[in-house]
Amino acid sequence: MQTPKLTLHQRQSQYVFDASSTDVRFFYRTPLSKGHGRFSGVTGTAIIDDSRPEATFVEASVPTASLQADSTLAMRALRGPHFFSITHHPHINFRGTDLRVTGQTTAQMSGLITVRGITRSVLLDVHLAEPKPSGARTLRASTHIHRSDFEMTAYPKLIGEAVEIEITARLLPR
């Protein structure tokens, strides 16, 4: 079986993340509901070669101080030492280097995510929209992680282990 090709524009392009239009949302389970939060101000670069998708490269940095949560109590806890520890770990970093095409505008990207100074492998499901006339593109990605992989083990009876992550990024041509 032949690997599908992305049918977007056929040249290598360099992009920067539009920090004002890019955010990372996360969701976790509590005994009675689903908690959520978001990060904004994401910066980074991407190199996308639609004719050779395996050459795609993404590097992004998320400022932990931008964290917003669904309640003041949750936000205080998530910013504190048991979770993101924003004073000691001001950024979450991602470096994606391996892209495998799964459909016309979809792919899976392998990479490394660093949270609290701990680096782990992650696999993202990616949807990359065709470029707008301005050259800008929208990238959507999702994945899940286990919080204990990053030493976020506080309150195990109150907060679930799995964390779902959804990323919406606007990429501007460089």
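Biologist: What makes the link between the side chains of Asp-18 and Ser-20 a polar contact?

Modeller: Bear in mind that this is a predicted model. The two side chains, Asp-18 and Ser-20, come to 2.8 Å, and a polar contact needs N or O atoms within 3.5 Å.

Biologist: Which residues does Asp-18 touch, leaving aside its neighbours within four places in sequence?

Modeller: Val-42, Arg-170 and Leu-172.

Biologist: Let's turn to the rings. How many aromatic pairs does a search of the whole structure find?

Modeller: The search turns up 5.

Biologist: Why is the pair of Phe-26 and Tyr-28 called stacked?

Modeller: Two checks. The ring centres of Phe-26 and Tyr-28 are 6.3 Å apart, and the limit for a pair is within 6.5 Å. Their planes are at 25°, and under 30 degrees counts as stacked. So stacked is the word for this pair.

Biologist: How do you know whether Phe-26 and Tyr-28 are buried or exposed?

Modeller: From relative accessibility: Phe-26 has 6% and Tyr-28 has 9%. The buried label applies under 20%, so Phe-26 is buried, and so is Tyr-28.

Biologist: What makes Phe-39 and Phe-84 an edge-to-face pair?

Modeller: Their ring centres are 5.2 Å apart and the planes are at 80°.

Biologist: Which residues do ring pairs link into a cluster?

Modeller: Phe-26, Tyr-28, Phe-39 and Phe-84.

Biologist: Now Glu-54. Why is Glu-54 called partly exposed?

Modeller: Its relative accessible area is 47%. Exposed starts over 50% and buried is under 20%, so Glu-54 falls in between. Glu-54 sits in the loop between β4 (43-49) and β5 (57-63).

Biologist: What is in contact with Glu-54, leaving aside its neighbours within four places in sequence?

Modeller: Thr-97 and Leu-99. As for Gln-108, 54 residues away along the chain, its C-alpha atom is separated from that of Glu-54 by 10 Å.

Technical notes
Residues are numbered from 1 along each chain as its sequence is written. This is a predicted model: local features need pLDDT of at least 70, side-chain atom pairs count only at pLDDT 80 or more; totals for chains, interfaces and linings use all residues. Side-chain values use heavy atoms; hydrogens and water are left out. Rings of Phe, Tyr and Trp (its six-membered ring) pair if their centres lie within 6.5 Å; planes under 30 degrees apart count as stacked, over 60 as edge-to-face and the rest as tilted. Buried means under 20% relative accessible area, exposed over 50%, partly exposed in between (1.4 Å probe, protein chains only). A polar contact is a pair of N or O atoms within 3.5 Å; within protein, one must be able to donate a hydrogen and the other to accept it, and residues adjacent in sequence count only if both atoms are side-chain atoms. Contact means heavy atoms within 4.5 Å. Helices (H or I, at least four residues) and strands (E, at least two) are DSSP runs, numbered from the N terminus.
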